[in-house]
Amino acid sequence: MSVVPSVAFRPRAPRRVAAVAVAALAGISLAVVNAQPASAGPPGIPSKATAQSQLNALTVAAQGSSSGYSRDLFPHWITVSGSCNTREQVLKRDGTSVVTDSSCAATSGRWYSPYDGASWSAASDVDIDHVVPLAEAWRSGASSWTTSRRQSFANDLTRPQLIAVTDNVNQAKGDQDPSTWQPPLSSYRCAYSKMWITVKYNWGLTLQSSEKSALQTMLNTCSY
């Protein structure tokens, strides 16, 4: 398979290292350790049986070209309700004890990242991941969509397409599919495969043979 290079990884560790050092001097413990997941999360994650049926129904095709791709062709984040945009909605949905200001920006809260098992107490340390990356969608059929449809895809709150995760992990994932990237926390790979499969199925996107094989391996780890 020809693997398209992932989005550039912009490490932010130095800022965090400094923060940890400051916290240590102050006797403060930062929330960067394993924690229990939030009660909420992406909606519409199917059962193993449903995901298997959807995977079997997906069209296997060669990866399309990235020519012409731009994130601007998938407008996000859009206003969802009042002053809240899609990112802010997901931060509230996936976090616990989230407090927002008058512009809907999260000023405090706690976010558990199921990709790596870390938790954060600053919204700036959290990215909203497109489970099926925008560039991957483009190569899988979205290049022929209208901008309106791509906008709906990029802001999809109905299916498990958006999830709050550690920013560096999201950046490391870039636009890779499951044949080259899977969540570092292996116990979440079952859920991740079901999320990926149902998003591609519901949006009519194709997948490559290597991608399908990786998804099947991940799905086989599911108990339900």
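Reply: Start with who touches whom: K48, A51, Q54, L55 and A57 in α2 meet K194, I197, T198, Y201 and N202 in α7. By class, that contact has five nonpolar, three polar and two charged residues. Keep in mind that this is a predicted model.

Me: At what angle do the axes of α2 and α7 cross?

Reply: Angles under 35 degrees count as roughly parallel, and 65 to 115 as roughly perpendicular. Here the axes of α2 (residues 48–57) and α7 (residues 189–202) cross at roughly 50 degrees and come within 9 Å. The two helices are therefore oblique to each other. Their crossing is left-handed.

Me: Is Q54 buried or exposed?

Reply: The cut-off for buried is under 20% relative accessible area. Q54 has 9% relative accessibility, so it counts as buried. This residue sits in α2.

Me: What does the side chain of Q54 make a polar contact with?

Reply: Look for a pair of N or O atoms within 3.5 Å. For the Q54 side chain, the partner is the side chain of T198, at 3.0 Å. Leaving aside neighbours within four places in sequence, Q54 is in contact with P46, I197, T198, Y201 and N202.

Me: Which residues of α3 are buried, and what caps its N-terminal end?

Reply: In α3 (residues 86–94), the buried ones are T86, E88, V90, L91, R93 and D94. Their cover includes several strands, among them β1 (79–81), β4 (106–113) and β7 (162–166). The cap is N85, with a side-chain oxygen 3.1 Å from the backbone nitrogen of R87.

Conventions
Residues numbered from 1 in each chain as written. Predicted model: local features only at pLDDT ≥ 70, side-chain atom pairs only at ≥ 80, totals over all residues. Heavy atoms only, no water. Axes fitted to C-alpha atoms, helices over the stretch in contact; angles between N-to-C directions. Helix = DSSP H or I, 4+ residues; strand = E, 2+ residues; numbered from the N terminus. Parallel < 35°, antiparallel > 145°, perpendicular 65-115°, else oblique. Left-handed = near helix turned anticlockwise from the far one by under 90°. Contact = heavy atoms within 4.5 Å. Nonpolar A, V, L, I, M, F, W, Y, C, P; charged D, E, K, R; others polar. Buried < 20%, exposed > 50% of the residue type's maximum accessible area, 1.4 Å probe, protein only. Polar contact = N/O pair within 3.5 Å; in protein donor to acceptor, adjacent residues only side chain to side chain.
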